Amino acid sequence: MNNETPTPGSWNVHTDDNGKHSVIGFGPLAHLGDSPRALANARLMAAAPDMLSALSELAELVSLCRDLDWTNPPEELVSILTTIESSALASIAKARGATD
């Protein structure tokens with residue numbers, strides 16, 4: 001593990017007038033070309049900060065929940081799980097291009 005940090009999100013896909021796809025954050029992050037695969041890669045890259053955040057939250061939650069009695073979960077836990085599920089699904093949609 002290193003101490004390097006990525007360019008802060010939110011990252012987005014940008015398609016220029018020539019059909020070339022890029023990932024934009026605080027300025028261009030990657031220029032990927034004009035193929036369908038380049039667009040799919042750009043979408044996945046743009047979703048990376050959101051997915052990292054959602055997965056970090058999920059890992060923390062799993063760590064906290066290991067020893068709970070799951071027959072009657074607390075309302076707060078259900079609320080947290082709902083929020084994390086929503087974040088994860090939004091990140092997945094972004095990676096798949098559903099939010100372009």
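In which helix is Glu57 found? In this predicted model, select residues 36–65: they form helix α1, and Glu57 is found there.

Display Glu57 by its solvent accessibility. The relative accessibility of Glu57 is 34%, so the residue counts as partly exposed, the class that lies between the cut-offs of 20% and 50%. Glu57 and Ile84 are separated by 27 residues in sequence, and their C-alpha atoms lie 7.1 Å apart in space.

**Strands β1 and β2**

Proceed to residues 12–15, which make up strand β1, together with strand β2 (residues 21–25). These two strands pair in the antiparallel sense, over four bridges. Within this pairing, Val13 stands opposite Val23 of β2. Then select Gly19: in the hairpin of β1 and β2, with five residues between the strands, this glycine takes a positive phi near 85 degrees.

**Strands β2 and β3**

Extend the view to strand β3, residues 27–33. Its pairing with β2 is also antiparallel and comprises five bridges. The hairpin formed by β2 and β3 has one residue between the strands.

**Ile24**

Finally, centre on Ile24, a residue of β2. Its bridge partner in β3 is Pro28. With a relative accessible area of 27%, Ile24 is partly exposed. Leaving aside residues up to four places away in sequence, Ile24 touches Ser10, Trp11, Asn12, His14 and Leu29.

How values were computed: Residues numbered from 1 in each chain as written. Predicted model: local features only at pLDDT ≥ 70, side-chain atom pairs only at ≥ 80, totals over all residues. Heavy atoms only, no water. Buried < 20%, exposed > 50% of the residue type's maximum accessible area, 1.4 Å probe, protein only. Contact = heavy atoms within 4.5 Å. Pairing = 2+ DSSP bridges.
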